[in-house]
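Please look at the sequence and the structure shown below before reading on. The paragraphs after them are meant to be read with both in view.

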Amino acid sequence: PPLAGAIHLDPNFTVGEVNPRLFGSFVEHLGRCVYTGVHEPDHPSADEDGLRTDVLALIRELGVTMVRYPGGNFVSGYRWEDGVGPVEQRPRRLDGAWRTVETNQFGLNEFMRFAAKADVEPMQAVNLGTRGLQEALDLLEYTNHPGGTALSELRRSHGVDKPHGIRLWCLGNEMDGPWQLGHKSADEYGRLAAVTAKAMRDVDPGLELVACGSSNRSMPTFGAWEATVLEHTYDLVDFISCHAYYEESEGDVDSFLASAADMEAFIDGVVATADHIGAKRRSGKRINLSFDEWNVWYQSRPVNNTDTPDWSVAPRQLEDVYTVTDAVVVGSLLITLLRHCDRVTAACLAQLVNVIAPIMTEPGGPAWRQTIFYPFADAARHGRGQVLRLALDSPVHDTARHGEVPLLHATAVRQEDGTLTVFAVNRDTTRPLELTVDLRAFSPVAGQVTHTALADPDRHAANTLQHQDRVTPRPVTGTVTDGGRLSALLPPMSWNTITIPLA
Ligand code: AHR
């Protein structure tokens, strides 16, 4: 028999307004994310900037609002100057992070042209691994200063007359990770981030700055890292970052489907730490969270398809092929981000193209949507407005990694256009779930509900070069509103988007 779950909503009980930056993504110089991903001058669809227009169209369809660049681990060894000026004079360099050769054919100015065409806000990271304060200031001067100084004039000599005006900056990347070039202790990093933030703000007080938090919640320094970094930077930054990747291990699909429980604990833990530091300082300021790397990533698989790094250019790295199960987990993670939209005001699905990505490409060939494309596109399109608090009745089950979790995971967003959208995941792998939503406090327009679900009898089904549309969301029939009650049947292991026009 089907399971049963219910959601109770009240229009006056809201979590907060969704910041459009919640639907960010990430382009790193890693594998084929940049080269043959977004940038492939010889591709039949390439425009005058060498950007693949087929990929640009998919990025717009995905609804991405912001893109973090240029790393990731890559940024911790990157010299930004290598990526500006005449392309034929740009140096080839070893990239120690991913053990490849970086050609620098794509750099800051190319990225900004990409951002304009993709209609996304740039989020720029500075190298605080092998570099420091001076180089961050140099990059800021080149990027944002109008003119009349050495570096702003250098930019102008590169054909970019107007400053880029980048507002959002990451102070390094994953500096708590021993794998990071220039890895630091919390104290070392906190101090460097503070002096860098202060100097950058002195140049431009309008900047928004992100200090590095923990690379994941299982880092031994989790919590203590955030506390120390924020002791140094509280008054100087706006965000602390969180990164989290999940994978199914040892066939434990139930724990995998409950990954959002970890993300939730991560967010709650960082908020508690940040607010504790704020309270100690009697600060009226609140630090928000930038969840600027999150996704499903099979980290247990080799980085290169062959795992024999040969210092090649743009090899196939981290090209995970996502299944229906992975998409349901991504949907559940999106639900968690939305449910915490009062404190998570920026987030990036890592990454955007080819590298653990919603969009895949073949060099010289097509571009297509992976399964995880769909929950992101649904949330980015329908998840704008006020997130409502909800009371949830759900059956629960036990998981090895996260303990007891509800089988129904959901959120509801009221959009400005008068639509109420319920996003819901059924975590049960075999049974459908009968959902009722109490809408008596709203005025649903009779007979106009739409319901789509991403689900498949084969949970391992995926979209590939050969079968690009094997998995797509399908309309679900039978979803109705009646007397202020919505009834819907959520397929087993499914991501659901239910939109309800309100009068
Ligand atoms: O997104 C892939 C990598 O994951 C990033 O380079 C790094 O920041 C994280 O560990």
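The following paragraphs go from the domains to the cores, then to a pair of helices and to some individual residues.

This is a predicted model, in which local features need pLDDT of at least 70 and side-chain atom pairs count only at pLDDT 80 or more, while totals for chains, interfaces and linings use all residues. Residues are numbered from 1 along each chain as its sequence is written, and side-chain values use heavy atoms, with hydrogens and water left out.

The protein chain is divided into domain 1 (3-12 + 387-501) and domain 2 (19-382); such bounds come from an automatic or database domain assignment. Between the C-alpha centres of domain 1 and domain 2 there are 30 Å. To their contact, domain 1 contributes 41 residues and domain 2 contributes 42 residues, where contact means heavy atoms within 4.5 Å.

The interior comes next. In soluble globular proteins, nonpolar side chains tend to be buried together. A nonpolar core is here a set of buried Ala, Val, Leu, Ile, Met, Phe, Trp, Tyr and Cys residues joined through side-chain atoms within 4.5 Å. Buried means under 20% relative accessible area, exposed over 50%, and partly exposed in between, with a 1.4 Å probe and protein chains only. The largest nonpolar core has 134 residues, and those touching the most other members are F114, Y189, F291, W294 and L352. Helix 9 (residues 324-339) gives the most to this core, namely 10 residues. Helices (H or I, at least four residues) and strands (E, at least two) are DSSP runs, numbered from the N terminus. Both domain 1 and domain 2 supply at least three residues to this core. Apart from it lies another core, of 24 residues, which includes I7, V422, L486 and I500.

What does W294 touch, once its neighbours within four places in sequence are left aside? Its contacts include V330, L333, L334 and L337, as well as F376.

Helix 9 also packs against helix 10 (residues 373-382). Two packed helices are described by the angle between their axes and the distance between the axes. For helix 9 and helix 10, the angle is about 25° and the axes are 8 Å apart. Axes are lines fitted to C-alpha atoms, for helices over the stretch in contact, and angles run from 0 to 180 degrees between N-to-C directions. Helix 9 is therefore roughly parallel to helix 10, since angles under 35 degrees count as roughly parallel, over 145 as roughly antiparallel, 65 to 115 as roughly perpendicular and the rest as oblique. Where the two helices meet, A327, V330, G331 and L334 in helix 9 face P375, F376 and A379 in helix 10.

F106 is in the loop between strand 5 (100-102) and helix 2 (108-118). Is F106 buried or exposed? F106 counts as buried because its relative accessibility is 1%. Beyond its neighbours within four places in sequence, F106 has contacts that include H29, Y69, R90 and F114.

The peptide bond from Y69 to P70 is cis, with omega near 0°, and P70 lies in the loop between strand 3 (66-69) and strand 4 (93-95). The peptide bond from A350 to Q351 is also cis, with omega near 0°.

E174 is not a glycine, although its phi is positive, at about 40°. E174 lies in the loop between strand 7 (168-171) and helix 5 (186-203) and counts as buried, because its relative accessibility is 9%.
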